[in-house]
Amino acid sequence: RTELALRETMSSGGAEDDIPQAERKTVTDFCYLLDKSKQLFNGLRDLPQYGQKQWQSYFGRTFDVYTKLWKFQQQHRQVLDNRYGLKRWQIGEIASKIGQLYYHYYLRTSETSYLNEAFSFYSAIRQRSYYSQVNKEDRPELVVKKLRYYARFIVVCLLLNKMDVVKDLVKELSDEIEDYTHRFNTEDQVEWNLVLQEVAAFIEADPVMVLNDDNTIVITSNRLSETGAPLLEQGMIVGQLALADALIIGNCNNQVKFSELTIDMFRMLQALEREPMNLASQMNKPGMQESTEKPARRENPHKYLLYKPTFSQLYTFLAASFKELPANSVLLIYLSATGVFPSGRSDSEGPYDFGGVLTNSNRDIINGDALHKRNQAYKEMHCLHPGDLYPFTRKPLFIIVDSSNSVAYKNFTNLFGQPLVCLLSPTAYPKALQDQSQRGSLFTLFLNNPLMAFLFVSGLSSMRRGLWEKCQDYLRKINRDIAQLLTHSRSIDQSFLQFFGDEFLRLLLTRFIFCSATMRMHKIFRETRNYPESYPQLPRDETVENPHLQKHILELASILDVRNVFLENTLDDY
């Protein structure tokens, strides 16, 4: 291919013999690097998606070749313009691949700093208009490359909470799609319009807007900041376990999604990450040769993001995480999925008798239904039952289930005596609460952004920045008090305390208790199924129904002028 490219490109520049040897070598070297980079990039698809070790050396080699290629085209741009006919969209294509590499490196490592690197390459493409000439060429496949670049850039901006950039990109993408479908009568028009609809719904998923004085929207980040998790008091006896790995699973019907991320998955992954720091200060630009170095601070837990997995996919990733879990570490499983209820009556009450949550079926649903009707004595096949997780309780396991059948996981048994906690969502929400399920679950919103969830259940849809920050400060105080309630409790199950040494799990546990206490005090949350539950059960009087905590919640409601939404009589004994 290289020889062919050479002959084609050089023939346009006059007789081959007229070309100086050095320039000929420049073009040959460029063609070699370009071929090699494409070959390595395509090979990334064949790497196993699970397991944390096998892929690193291959990624390293790919980064190295792209680094060389990027620098080479910068140094020899004029020769490549004259002798090779290098086009700006081809440079854009190289930059886009580097952006994709950084994004995939983030997916593999969960290190948010790589998102910043992906963003800087994607931004450069837009600022330098690398793709601007594509529309003049009569090649629809080039335009599709440009559209895909936009979609990838939007994902990175969403993950970095750069919502103002997202809105600009969506407008540009919309214009590009219109131009594309107008010029080429293609069959993928519907698909691209669906991409636009998905991202528009994704941007609008938050139920509450925080506004500056000039009415612009404040972008709030929900990653763990330095002051995020309540600090441990001296002398608090908690476990030394660290959250090392997480499976984030999304399989809800009809929930807002973009690029294989449901809004619940998106919120939960941010609750398990620290604020990104910029790698640029530690690296040479474009920075790839040193990108395998880890920033000097505690890492984020590694994550697998599984959108609508089948049972076998889910089990494969779970087994890989379990196998690679280091000593003194915790595996977190987050399930946001449609509930699957038992089809027949069962006399026994075992771990396969309560249903569970949906796993994806590769067959069409009609066959699935027929299978159920065939024999009600059989258990549901496309379902993750509590019993399916039993083998993995040989190591510390922290489970969060957000589902209409979350209570199936209340019937857990701790067989091996390892730390084990399940946080379970309400199975139904009050009818009076406007149905928001399409825009993400209220329970997950409490775990990701408790103040926004509190405002939503209080009937507020917008708020001034100053008041928002005042409430956030008060919420930090509430979290500190919840942490004390937990660690001072005499009857709490030890599993909770064994997980409490990890910042991420500490924050999730305190937010869970805040969520549960808020719902129990709320006037319209009156049925048991409206409340979160846990396994093992928390001592209510010391945690979710503690009068000291209830007083705090009423004070937060007073700051917001929504005290009338909550019951006061719970405080009679205070």
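The tour below starts with the chain and ends at the pocket lining.

**Before you click.** This is a predicted model, where local features need pLDDT of at least 70, side-chain atom pairs count only at pLDDT 80 or more, and totals for chains, interfaces and linings use all residues. Residues are numbered from 1 along each chain as its sequence is written, and side-chain values use heavy atoms, without hydrogens or water.

**Select the whole chain.** Colour by secondary structure: there are 18 helices and 13 strands. These are DSSP runs, helices being H or I of at least four residues and strands E of at least two. Of the 574 residues, 55% are buried, meaning under 20% relative accessible area with a 1.4 Å probe, protein chains only.

**Go to the largest pocket.** Its volume is about 1200 Å³, the space filled by probe spheres set on the grid points, which are joined across faces, edges and corners. A pocket here is an open set of points on a 1 Å grid over the protein atoms alone, where a 1.4 Å probe fits, with protein on both sides within 12 Å along at least five of seven lines; lining residues have an atom within 4 Å of a point.

Now select Y103, H104, L107, S259 and E260. Of the 35 lining residues, these are the closest to the pocket centre.

**Show the surrounding elements.** Select α5 (88-109), α7 (140-159), α9 (189-203), β5 (302-307) and α11 (311-324); each gives two or more residues to the lining. Which element gives the largest share of the lining? β5 does, with six residues.

**Colour the lining by type.** Expect 20 nonpolar, eight polar and seven charged residues.

Technical notes
Ala, Val, Leu, Ile, Met, Phe, Trp, Tyr, Cys and Pro count as nonpolar, Asp, Glu, Lys and Arg as charged, and the others, Gly among them, as polar. Buried means under 20% relative accessible area, exposed over 50%, partly exposed in between (1.4 Å probe, protein chains only).
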